[in-house]
Amino acid sequence: MQISVIGLGYMGLPMAAILARAGHTVVGVDINPATVAAVNAGVCPFSEPGMAELVREAHASGRLQAVAVPQVADAFVLSLPTPVDHATHRPDMTFVEAGSASIAKVLKAGDLVVLESTSPVGATVANCQAVIERLRPDVAGKVDYVFCPERAIPGNTLHEMVHNDRLVGGLTPAATARGVELYKSFTKGEVLPCTAAEAEMVKLVENASRDVQIAFANELSLACHQLGLDVRRVIALANHHPRVNILQPGTGVGGHCIAVDPWFIIDAAPDVTPLMKVARQVNDGKPFWVTKMIESKVEDAVLSLGKKDKVKVACLGLAYKPDVDDLRESPSITVVEKLAQNAALDLLVVEPHVQTWHTESGLGLVALKDALAQADVVVGLTAHKVFKELPAGALAGKVVVDACGVFYNRVDVTWDVSGFHGRGASL
Ligand SMILES: NC(=O)c1ccc[n+]([C@@H]2O[C@H](COP(=O)([O-])OP(=O)(O)OC[C@H]3O[C@@H](n4cnc5c(N)ncnc54)[C@H](O)[C@@H]3O)[C@@H](O)[C@H]2O)c1
């Protein structure tokens, strides 16, 4: 089948490459010229395990190419951003609407349009079908529309995109059947037919459920700290109960999904979603609490180190979760930006998964070994493997603050009762 994937980002490009590997002829479309050029050179423009090889192979097979403007195809898969407006907490569907308008020009009767972007309930009709039919009344009723949410996780995208179960919700039973056929052509998981509205809501529910559960763990971390208890130990012991499964607290919640999608439900049903709203606020508040805690430990460090000049604080990790290069909505960045406003601190920011990053004030990245060599205080913000595997003694003499569990159970750190901060020792 001739398939066009609109949007070649973290989800769209893996989808395009997997479809090409499954034997389809795929044309990817992106408004970013650098992305188009990279794909046409057989290069994946972002870091994701297995993607460099897959894009190279898909391109070499002749079944994957990229263009800037949509061309005629049999099926169109929209994988476009759906951010939230931070001021109003309302979904921003402008990318989906622009992508829908761009394919309207080349659509023909009998085509299939799949919206994969995480979207509010009703979006397949309101932000996709309606946009297309306004521009192309001649194809109204002659194109099949399906909503199929993407459930893969960065860091394991290729495996999950093929092995996860998929929801395929058409606007009509015939559309659902066509969508099921398309996804069965490459999916090893179950393909579950449903309505478009169900599929839209289920995707939001999945992420809202994670958000609420993480908020519980984050709230516990504050309570345990106040009560002089190690939250990770408390959770580990509680999880021995056969029906308790508490998640781990962290620096906060980030990324393009969990920190965003619950708002799409809250926005649509504000009177009946107090729990989801408070969970969002708890998770959004966590990096500010972490910042305050770091600052108080730095004050201790100043006293104990007898420092008169600025305290050097190594901040380890900017990505929103371990072992990825994705900085979107990252709570670690919130912490670093807040700490950067403290004139008493000299920050050494480490993020091994990205090449460049800087603030408007010129704060940039430092290599891990240089940061460790200079730092008075070492703060774990994102639990990257490379930080977990620091050799024994690497934190010797440093004040250590662990916001994300990256140093948990290190025997070369003398921890306080909360397990949140301590002092590194040489073994
Ligand atoms: N990244 C994830 O972990 C993840 C997981 C599941 C679902 N999702 C959802 O998938 C969707 C896409 O997310 P992503 O992370 O791949 O986004 P992304 O920002 O990585 O990629 C989007 C791409 O679309 C391109 N684009 C924007 N407007 C365009 C247009 N009009 N025409 C063509 N290209 C256009 C951008 O240049 C970019 O390359 C979102 O709705 C997101 O919520 C993301």
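## The enclosed cavity

Sort the lining of the largest cavity by class and you get eight nonpolar, four polar and four charged residues (nonpolar here is Ala, Val, Leu, Ile, Met, Phe, Trp, Tyr, Cys and Pro; charged is Asp, Glu, Lys and Arg; the others, Gly among them, are polar). Keep in mind that this is a predicted model, where local features need pLDDT of at least 70 and side-chain atom pairs count only at pLDDT 80 or more, while totals for chains, interfaces and linings use all residues. Numbering runs from 1 along each chain as its sequence is written, and side-chain values use heavy atoms, leaving out hydrogens and water.

There is one cavity of 30 Å³ or more, and its volume is about 150 Å³. Of its 16 lining residues, V231, R232, D402, S418 and F420 sit closest to the centre. (A cavity is a set of points on a 1 Å grid over the protein atoms alone where a 1.4 Å probe fits but cannot get out; a pocket is an open set with protein on both sides within 12 Å along at least five of seven lines; lining residues have an atom within 4 Å of a point. Volume is the space filled by probe spheres set on the points, which are joined across faces, edges and corners.)

Three helices, α8 (196-226), α9 (231-238) and α11 (274-305), supply at least two lining residues each. The top contributor is α8, with three. (Helices are DSSP runs of H or I, at least four residues, numbered from the N terminus.)

## Around the ligand

The ligand has 25 residues around it, with M11, D30, T82, T118 and R328 the closest (near means a heavy atom within 4 Å). That shell is made up of 12 nonpolar, nine polar and four charged residues.

One is 2.6 Å from an N or O atom in the T82 side chain, and a polar side-chain atom of R328 comes in at 3.0 Å from a ligand oxygen. L80 uses a polar backbone atom, 3.3 Å from a ligand oxygen. On its own the ligand would expose 830 Å², and the protein buries 90% of that (Shrake-Rupley areas, 1.4 Å probe).

## The second largest pocket

This pocket has a volume of about 180 Å³. H86, V253, R280, D284 and E329 lie nearest its centre, out of 15 lining residues. Both α11 and α12 (331-340) give two or more residues to the lining, and α11 has the largest share, five. By class, the lining splits into seven nonpolar, five polar and three charged residues.

Why does the second largest pocket lie between domain 1 (2-195) and domain 2 (277-424)? Because both domains give residues to its lining (their bounds come from an automatic or database domain assignment).

Methods:
Polar contact = N/O pair within 3.5 Å; in protein donor to acceptor, adjacent residues only side chain to side chain.
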